Amino acid sequence: MRAILCKSHGPPENLVLEEIPAPIAADNEAVVEVYAASLNFPDGLQIQGKYQFQPPMPFTPGSEVGGVIKSVGAGLTGFAEGDRVMATPGIGGLAEKVVVKADGLRKIPDRMDFRTAAGFAMIYTTSYYALKQRANLQPGETLLVLGASGGVGLAAVELGKLMGARVIAAASSDEKLKFVNRLQPDALINYGDGELKEKVKALTNDRGADVIYDPVGGDLFDQCCRCINWNGRLLVIGFTSGRIPEYKANLALLKGSSMVGVFLGRFRKEEPQQYEKNFQELLSMYEQGKLRPIVTESFPMEDFVAAFNVFTERRVMGKVTLEIKAE
Ligand SMILES: NC(=O)c1ccc[n+]([C@@H]2O[C@H](COP(=O)([O-])OP(=O)(O)OC[C@H]3O[C@@H](n4cnc5c(N)ncnc54)[C@H](OP(=O)(O)O)[C@@H]3O)[C@@H](O)[C@H]2O)c1
């Protein structure tokens, strides 16, 4: 089968597309024929050797796919050859076939296409866990979302609105904000000039946001610590800016605010039942037409460099997928 391989850490141009042996399902696993694979920011870090979890070399990147089960290993129940699934193998998704453990398989609704299936799990489960369990976001509270046009940011805007919050979507350009505006956030902030704090205060009667969803870190995080409301929760999602910031204890004291860590992978391991409940709630929201996942760019498998560079060049608006097999 064909697979995209990382043989040396570096830019997307270092990746190669090669023939490798197809995987075989072990106990409680299935082999999924991949139709579409989604890319996420961490994939770009992983191929550069900059992510906190690095697989041994060589490896095939790609943590989530949409496809059809080709074979099942011994002991796997509830799934059969031919099932249409979304799958989270964790690694190995940018290939024609990938092996997936039982807990990474979910059947998809008939009307969900494979590219939507590929881009669903990571962004929605992260943002739902962050807003529901970590922030305990309440109707009427003000939610500020940074990086609002990106994968997890867009999902946070959509879920925030569904949960009844007043959502302020913030991004670095008017083009990105115009894109996010289709989800009808209550207000928009362009922080492309580096200024965030005063703009948030102006929109919140000087009080600041109740919940801040921050996948960016760096200087914007520093400003978030100063435009958060009394009892506010600052959600630490990631550091796409490249700098891990520090939280000033005096600001927490003065504002009664908290910095709250969000780590989906650990949540999934520590609280598998809550994770699954969240997932089923999200699928049900999709089936009811409440969630509208937006895949904006789908590249042919051969154009993997261009697909990765959407992330490395900070151009993401919505989800980006690779098309591995035509539907
Ligand atoms: N904690 C968890 O469990 C968890 C789970 C999933 C993902 N994450 C993390 O969440 C972050 C976002 O992931 P994603 O897949 O949603 O990424 P994405 O689609 O690329 O979106 C990231 C956003 O970050 C902003 N950004 C600011 N500075 C940037 C820079 N120098 N380069 C690139 N983007 C920059 C961009 O918006 P602007 O240009 O508008 O600023 C962009 O929309 C990553 O750090 C990822 O590791 C964490």
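Trainee: Which ring does the charged end of Lys 107 sit over?

Mentor: The ring of Phe 79, with the charged end 5.5 Å from the ring centre. A charge sits over a ring if NZ of Lys or CZ of Arg is within 6 Å of the ring centre and within 35 degrees of the ring normal. Before we go on, the ground rules. This is a predicted model, where local features need pLDDT of at least 70 and side-chain atom pairs count only at pLDDT 80 or more, while totals for chains, interfaces and linings use all residues. Residues are numbered from 1 along each chain as its sequence is written, and side-chain values use heavy atoms, with hydrogens and water left out.

Trainee: What about Arg 84, which ring is under its charged end?

Mentor: Phe 114, at 4.6 Å from the ring centre.

Trainee: How many aromatic pairs are there?

Mentor: The count comes to 10. Rings of Phe, Tyr and Trp (its six-membered ring) pair if their centres lie within 6.5 Å; planes under 30 degrees apart count as stacked, over 60 as edge-to-face and the rest as tilted. One of the pairs is Phe 120 with Phe 279, stacked, 6.5 Å centre to centre and 25 degrees between the planes.

Trainee: Where do Phe 120 and Phe 279 lie?

Mentor: Phe 120 is in the loop between α2 (114-118) and α3 (121-134), and Phe 279 is in helix α10, so the pair ties together parts 159 residues apart in sequence. Helices (H or I, at least four residues) and strands (E, at least two) are DSSP runs, numbered from the N terminus.

Trainee: Are they buried or exposed?

Mentor: Both Phe 120 and Phe 279 are buried. Buried means under 20% relative accessible area, exposed over 50%, partly exposed in between (1.4 Å probe, protein chains only).

Trainee: Which residues do ring pairs link into a cluster?

Mentor: Phe 120, Tyr 124, Tyr 129, Phe 267, Tyr 275, Phe 279 and Tyr 286.

Trainee: And Asn 278, where is that, and what does it touch?

Mentor: Asn 278 is in helix α10, residues 272-287. Leaving out residues up to four places away in sequence, Asn 278 touches Tyr 128, Tyr 129, Lys 132, Gln 133 and Phe 267. Contact means heavy atoms within 4.5 Å.

Trainee: Why does Asn 278 count as buried?

Mentor: Because its relative accessible area is 1%.

Trainee: Which polar atoms lie by the ligand oxygens?

Mentor: A backbone N or O atom of Phe 41 lies 3.0 Å from a ligand oxygen. For an N or O atom in the side chain of Thr 240, the distance to a ligand oxygen is 2.9 Å. A polar backbone atom of Leu 264 is 2.7 Å from a ligand oxygen.

Trainee: What share of the ligand does the protein bury?

Mentor: Taken alone, the ligand exposes 910 Å², and the protein buries 90% of that. Accessible areas come from the Shrake-Rupley method with a 1.4 Å probe; for residues, only the protein chains shown count as cover.

Trainee: Last one. Which residues of helix α11 are buried?

Mentor: In α11 (residues 304-312), they are Phe 304, Ala 307, Phe 308, Asn 309, Val 310 and Phe 311. Their cover includes α1, β14 (295-300) and β15 (319-323).

Methods:
A polar contact is a pair of N or O atoms within 3.5 Å; within protein, one must be able to donate a hydrogen and the other to accept it, and residues adjacent in sequence count only if both atoms are side-chain atoms.
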